There are 2 protein chains.
Amino acid sequence: MRNLVILGSTGSIGTQTIDVIKDDPEIKVTGLAVYGSVDKLKEQVEKLHPEAVCIYDEKKAEAFKAFGLPVKVLSGMDGLIEIATMDSCDEVVVSVVGMIGTRPTIAALKAKKRVALANKETLVCAGHIIMPLASECGIEIKPIDSEHSAIWQSLTGEPHNRIEKILLTASGGPFRGKKREELRGKTKEDALKHPNWAMGRKITIDSSTMVNKGLEVLEAHWLFDVPVDMIKVVVQPQSIVHSAVQYVDGSVKAQLGLPDMRIPIEYALYAPDRHPLPEDRRLDLAELAKLTFEDPDMETFKGLALGYRAGRLGGSMPTVYNAANEEAVAMFLEDRIDFLEIADVIEEAMDAHEKDIIPSPTLEEILSIEEWARNYVKTNSKIVR
Amino acid sequence: MRNLVILGSTGSIGTQTIDVIKDDPEIKVTGLAVYGSVDKLKEQVEKLHPEAVCIYDEKKAEAFKAFGLPVKVLSGMDGLIEIATMDSCDEVVVSVVGMIGTRPTIAALKAKKRVALANKETLVCAGHIIMPLASECGIEIKPIDSEHSAIWQSLTGEPHNRIEKILLTASGGPFRGKKREELRGKTKEDALKHPNWAMGRKITIDSSTMVNKGLEVLEAHWLFDVPVDMIKVVVQPQSIVHSAVQYVDGSVKAQLGLPDMRIPIEYALYAPDRHPLPEDRRLDLAELAKLTFEDPDMETFKGLALGYRAGRLGGSMPTVYNAANEEAVAMFLEDRIDFLEIADVIEEAMDAHEKDIIPSPTLEEILSIEEWARNYVKTNSKIVR
């Protein structure tokens, strides 16, 4: 029997995690944490009977208490850390969005809890803190993300020192094949049409700019301990080849499957074993008939090139890349900047930060640089109208 | 330092094995065996200085002795067995063609030598003898074959009881997409044009009839201990996806690469490690642009369907399938039967054998059934003119 705590239990990864383990009597959910979705949390508590829940938003936590359910109710960052480190927790699924995931991840590692990580920011901004800590604590960080899970699966049983290249696949998003001039004036409605994956608005826009792939390059760099220039992005529009690893003998190992997040969730929870998933979702290569591959167009999708730049510069720069992007996407969704200007805004903030890079920032420094980048975009940008 | 013996050293696999290990000071070639190519063997001996050689053909062995080289010269089946089991042999590459490979493989296993197997017949006909013996001796049989190596690579680090299906890829050969009526009157010149792999005449014809794939289904059945109906053939005309494994979670792991036999040879010799191969031969997915997949047409390529039938019936039937095919191919190359009649001849022999199947034949019984099948095709067939 093992006890699982899910941070972000009502989000897409959280609910699918609950779905994946529903028939496994060996896993008990002992803790659930949400930002503020108390009604959905109430349903989950009534079904799963966890020991504790955490509602990050204090007011919502009070509202939840009014339900009078027989469960310990925590709140705020202290609550997230407490639930991720409590005795009746063996493993934490970190699927909250944003920098909010970083402190609970660090706390969980220090308390020797296994960590399945679906939170990008933690590694992008604090990989230099997280990875040595995980290694020191003897905990393997298990990625929940189709691409990083695919890389991890392609590395199973293979010698790390024989990796030649990581082939990180990308769908290319809804604007694949378009040139810069064709992307002028693209609206959020256009950008929100993702061809293969149903995802939240922020990540769908990130996919359309390929900043999402830039963030994934940075994550892969930390997760698999390879320099960013050993990571090659390959556009695979059908989203069937989830990523691959090329070895020094020229052999390429790849993981394929239908676009279904339950596979990376399941693998993160059960690896090196695998847990059966319903047979109605299986890849049929002959029915699919073809897979196509392209090089990414980094001129048009400058957001990806900026991710490599952030990775090469390292230190605090990935934090600026990520935070400036978050602000830029928010502004795009508010129609305050054009589609192509998302990358311009990120670049502007990175240029401004370059002279002040902190090579190995502390968590406090990361948070303060994040704040700086957001403010810079909001108040100093010459692009934002 | 480990000592390698290569049976079939002047053939395609043998020479490529020597090429793969040429820069490795940790591997010494101590034995070489050939059927009768004494001139090529002389060159190899002068370069590699093995302790012993074996020339299967006794007369050719005498001719070789006349060169007066400082090497022990063996001959015949006894010589093959002696060289495969001698003290200064740690590992045997079995790359001879035909049933001739079976006895030395058995002897090597009994003498606890590691075995890298590029010989199909050994497993197709005697898998029920070889696999339990290997397991008893604690020796893993390492396949040298692009498809089986790909399956093996896709299984590395994975739980065997979670395999759902093995996806064995096939190029489809030169007649892919053709219907039966279009294949009437096809000549050996047409059949010998393989789209991707440069191989010998026999195996190229086997590829055009897909009997080659039927034999591989039978090999995979033994190597990976799965029923033939868990093995699905997928046509992948570019020969880039060398095979794959589908697990119970729907995840598919595949091994890809350019068609280059040095990869499976290298992997067989170095697994679970990998040995660097020259960087001039690397797969570039974006340059390749696309991979296509089809279901095999088992009506047109009845030779594949017969392989499944032989596997389901088991026992001595795969021996008949293999031996009847060898005779039929020889007759096709002599223009004595039509292309489509190759499969008809195999089917005729299988039909005749069905009432006499031996469930678990001894090696002697296998050899006698092989003889029977050859004679049946040569003398009893109603198809051969």
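**Exercise 1.** Find which backbone oxygen lies 2.6 Å from a polar atom of the side chain of B:Thr30, then describe the surroundings of B:Thr30 in this predicted model.

*Solution.*
1. The backbone oxygen is that of B:Ser88, at 2.6 Å from a polar atom of the B:Thr30 side chain.
2. B:Thr30 belongs to strand S2 of chain B, residues 27-34.
3. Its relative accessibility is 1%, so B:Thr30 counts as buried; the cut-off is under 20%.
4. Sequence neighbours within four places aside, the contacts of B:Thr30 include B:Asn3, B:Leu4 and B:Val5, then B:Pro50, B:Glu51 and B:Ala52, and also B:Met86, B:Ser88 and B:Cys89.
5. B:Glu266 stands 236 residues from B:Thr30 along the chain, and 18 Å separates the two C-alpha atoms.

**Exercise 2.** Locate B:Asn119, decide whether B:Asn119 is buried or exposed, and state what its side chain reaches.

*Solution.*
1. B:Asn119 sits in the chain B loop that runs between strand S6 (114-117) and helix H6 (120-137).
2. With a relative accessible area of 0%, B:Asn119 is buried.
3. A polar atom of the B:Asn119 side chain lies 2.7 Å from the backbone oxygen of B:Val96.
4. The side chain also reaches the backbone nitrogen of B:Glu121, at 3.3 Å.
5. Beyond four places in sequence, B:Asn119 is in contact with several residues, among them B:Val94, B:Val97, B:Gly98, B:Gly101 and B:Glu219.

**Exercise 3.** Work out how the axes of helices H14 and H16 of chain A are placed, and which residues make the contact.

*Solution.*
1. Helix H14 of chain A covers residues 302-313 and helix H16 covers residues 341-353; their axes come within 9 Å and cross at roughly 20 degrees.
2. H14(A) is therefore roughly parallel to H16(A), since angles under 35 degrees count as such.
3. The crossing of H14(A) and H16(A) is left-handed.
4. H14(A) contributes A:Lys302, A:Gly303, A:Leu306, A:Arg309 and A:Ala310, while H16(A) contributes A:Ala343, A:Asp344, A:Ile346, A:Glu347, A:Met350 and A:Asp351.
5. By type, the residues of this contact are 5 nonpolar, 1 polar and 5 charged.

**Exercise 4.** List the buried residues of helix H10 of chain A and say what covers them.

*Solution.*
1. Helix H10 of chain A runs over residues 201-209, and its buried residues include A:Thr204, A:Ile205, A:Asp206, A:Ser207, A:Ser208 and A:Thr209.
2. Their cover includes H14 and H16 of chain A, along with helix H9 (188-191), helix H11 (211-223) and helix H15 (317-333).
3. Just after H10(A) comes A:Met210, with a positive phi of about 70 degrees.

Notes:
Residues numbered from 1 in each chain as written. Chains lettered and ligands numbered in written order. Predicted model: local features only at pLDDT ≥ 70, side-chain atom pairs only at ≥ 80, totals over all residues. Heavy atoms only, no water. Axes fitted to C-alpha atoms, helices over the stretch in contact; angles between N-to-C directions. Helix = DSSP H or I, 4+ residues; strand = E, 2+ residues; numbered from the N terminus. Parallel < 35°, antiparallel > 145°, perpendicular 65-115°, else oblique. Left-handed = near helix turned anticlockwise from the far one by under 90°. Contact = heavy atoms within 4.5 Å. Nonpolar A, V, L, I, M, F, W, Y, C, P; charged D, E, K, R; others polar. Buried < 20%, exposed > 50% of the residue type's maximum accessible area, 1.4 Å probe, protein only. Polar contact = N/O pair within 3.5 Å; in protein donor to acceptor, adjacent residues only side chain to side chain.
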